[in-house]
Amino acid sequence: MKLFLTSSHTLRWAGDLNPANGFAEALAKALAGKPIRCVVVSSYPDDIEITDRMAWEIRECFDRADLSFDHYEVLDRRTVKYAAKMFKKTNFVILCGGHVPTENKFFNQINLKKRLSKFDGVVMGISAGSMNCAARVYCPPELEGEAADKTYINHLEGLGYTDINILPHFQNLRGVKIDGLNLIKEFILPDSFEHPVWCLPDGTYFFIEGDNIELRGKAYKAQNGKLRLVCHDNERKRLMPNGSLRKIQ
C-alpha cells in the first residue's frame with residue numbers, strides 16, 4: 001500500500017491538485033501504470049448534499065490534473081450495501097475530510113479497517129481522513145461545545161495504518177479558540193506530553209510505503225508541551241523508528 005496523509009490535497013482557491021513539495025507529481029506516479037478505479041469514502045455519510053459536492057470537487061480536481069478515473073464510486077450511507085463489491089475492484093481509496101468523530105464512527109460502522117486489511121493500492125487521506133488513518137486517532141475538539149463537554153472523547157480507534165497523529169490546516173489554527181479556549185495552548189500542547197502531534201500546513205504531507213515514512217514540506221512537531229519547526233518547504237525527511245527525522249538528500 002502507498003499512503004498519502006495530506007492536510008489538503010488541493011490549492012486553496014484554484015481547486016487543483018497541490019504541486020507543493022512534489023505532491024501532485026508523487027501521487028500521479030503512484031497511480032500510474034493502470035486504470036484508476038476510485039472509491040471515495042464520505043466523512044458525512046448521512047448528508048447527501050455535502051457528500052455529493054465533495055465527490056464532484058474531487059473528481060473535477062483529478063480531471064484537471066489529467067488523472068481521469070476509469071471507475072469512480074462514492075461510499076456513504078446510500079451505498080453501504082455495495083461496499084464489498086466496491087473495494088474488490090478499486091485500486092485507489094480517498095478518505096474525505098470533515099468532522100473526525102463523525103467520519104470515525106462511519107468507518108467503524110462499515111468495518112472499513114477489515115475491508116481494507118488486504119488492500120494493496122493507493123490510499124489518500126484528506127484532513128480528517130488522514131487523522132483517522134492512525135491506530136489511535138487523536139481528535140482534539142473542533143466544534144463549539146466539544147471543548148466544554150467533559151464527556152468528549154479525544155482518542156478513538158482508527159484504521160491502524162500508522163502511529164502518526166496529525167493536526168491539519170495548521171496555518172489557520174494558531175489563534176483558533178473553541179469554547180473560549182485556545183486550541184493550541186489548551187489542548188494540543190498539553191496533550192503532546194502523552195504523544196507527539198505533527199502539525200501540517202496545507203501543502204505538507206506524509207508519504208508512507210511499507211516501513212518507509214517520509215515527511216514532505218513545512219511541518220511543526222508538538223511534543224512534551226513544546227512546538228518546534230522540524231521540516232521546511234521543499235524539504236524531505238525520513239521518520240526514523242525512534243521518532244527522529246533524517247533529511248533525505
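I looked up E235 and found it buried, at 13% relative accessibility. Buried means under 20% relative accessible area, exposed over 50%, and partly exposed in between, with a 1.4 Å probe and protein chains only. The model is predicted: local features need pLDDT of at least 70, side-chain atom pairs count only at pLDDT 80 or more, and totals for chains, interfaces and linings use all residues. Residues are numbered from 1 along each chain as its sequence is written, and side-chain values use heavy atoms, with hydrogens and water left out.

Next I checked the partner of E235. The side chains of E235 and K247 meet in a salt bridge, 3.7 Å from N to O. A salt bridge here is a side-chain nitrogen of Lys or Arg within 4 Å of a carboxyl oxygen of Asp or Glu. K247 sits in strand 17 (residues 245–247) and E235 in the loop between strand 15 (226–231) and strand 16 (236–239), twelve residues apart. Strands are DSSP runs of E, at least two residues; helices are runs of H or I, at least four; both are numbered from the N terminus. K247 is partly exposed at 49%.

I then noted a network: E214, R216, R236 and R238 are joined by salt bridges that share partners.

I moved to helix 2. E57 and R53 both lie there, four residues apart, about one turn of the helix. Their closest N and O atoms are 3.8 Å apart, a salt bridge. E57 is partly exposed at 39%, and R53 is partly exposed at 43%.

Last, I logged the total: eleven salt bridges by this rule.
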